[in-house]
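Dear colleague,

Please find below the structure that I am handing over to you. My notes on its charged residues follow the display.

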Amino acid sequence: LLNALEIQDKKIEDIKMVVNGAGAAAIACTKLYMKLGVQKRNIIMCDSRGPITEKRRLNGDHLNDFKKEFITDKDIDTLADALVGADVFVGLSVKDVLTPEMIRTMAPKPIVFALANPDPEISYEKAINAVPDIIFATGRSDLPNQVNNVLAFPGIFKGALSVRARDINPQMKMAAAKAIAGLIPEDELNEENILPKAFDPRVAPAVADAVAQAARESGVARV
């Protein structure tokens, strides 16, 4: 996200974000985005029944405590409604819920992370043909911009263990994200190169060093 925003010349505190999916991954990612600067008022989260809205809560729709944290008072009923004017779509849901028409209603220079696996929320071909200046990422290794957990967790655990951290806190997660983003030199950043490859040997050591330093600075390191 950090590198995609730099390419698209958007400020993280100004973007409007739609998150499709309201499970553990979606909520964890959204909370990290908020720590990095996304404003909560600019986030719309959707579950399988649509946007999580105040209207749904008042109508007696069951929303667990995790979903209630992301209730919006916007008068919208569908994912399509939510996407109008949005800068970023993050999909942690199911295949084929996003259409080219929806992407065309987003803000100029949209960012779409369609991370459902093995089939993303919209296909690569449909997405890049919908808007010429889109940045598109998936969880697939056969497409550009693969978002893969393996970029984060070996280095996070190595860094935490190296200082015997008593916790893995938000500061350490942010340090990991920034370390991953920082491995792409500015002159190599482009729409199809926003993050390192899954097996780039630089990733785990860079993440480990950043996480260990963040653990020390945030007071959870024991050595």
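Predicted model: local features only at pLDDT ≥ 70, side-chain atom pairs only at ≥ 80, totals over all residues.

The structure holds 13 salt bridges. One of them joins the side chains of lysine 31 and glutamate 69, at 3.4 Å from N to O. Because lysine 31 belongs to helix α2 (residues 24-36) and glutamate 69 to the loop between α4 (65-68) and α5 (79-83), this pair ties together parts that are 38 residues apart in sequence. Lysine 31 is partly exposed, at 34% relative accessibility, and glutamate 69 is partly exposed as well, at 30%.

Another salt bridge pairs aspartate 77 with lysine 55, with the closest N and O atoms 2.7 Å apart. Aspartate 77 lies in the loop between α4 and α5 and lysine 55 in helix α3 (residues 54-58), so parts that are 22 residues apart in sequence are tied together. A further bridge links arginine 140 and aspartate 142, whose closest N and O atoms are 2.9 Å apart.

Aspartate 47 deserves a separate paragraph. This residue lies in strand β2 (residues 43-47) and counts as buried, at 12% relative accessibility. Its side chain reaches the backbone nitrogen of arginine 49 at 2.9 Å and makes a polar contact of 2.9 Å with the side chain of arginine 56. A network of salt bridges links Asp47, Arg49, Arg56, Asp61 and Lys67.

Finally, Glu6, Glu186, Asp187 and Glu188 form a patch of negative charge on the surface. Among them, glutamate 6 is found in helix α1 (residues 2-8) and is partly exposed, with a relative accessible area of 41%.

With kind regards

Technical notes: Residues numbered from 1 in each chain as written. Heavy atoms only, no water. Patch = residues over 30% accessible without salt bridge, like charges linked within 9 Å, V, L, I, M, F, W, Y side chains within 5 Å. Areas by Shrake-Rupley, 256 points an atom, 1.4 Å probe, with all protein chains shown as cover. Salt bridge = Lys/Arg side-chain N within 4 Å of Asp/Glu carboxyl O. Lys, Arg positive; Asp, Glu negative; His and termini not counted. Charge placed at Lys NZ, Arg CZ, Asp CG, Glu CD. Helix = DSSP H or I, 4+ residues; strand = E, 2+ residues; numbered from the N terminus. Buried < 20%, exposed > 50% of the residue type's maximum accessible area, 1.4 Å probe, protein only. Polar contact = N/O pair within 3.5 Å; in protein donor to acceptor, adjacent residues only side chain to side chain.
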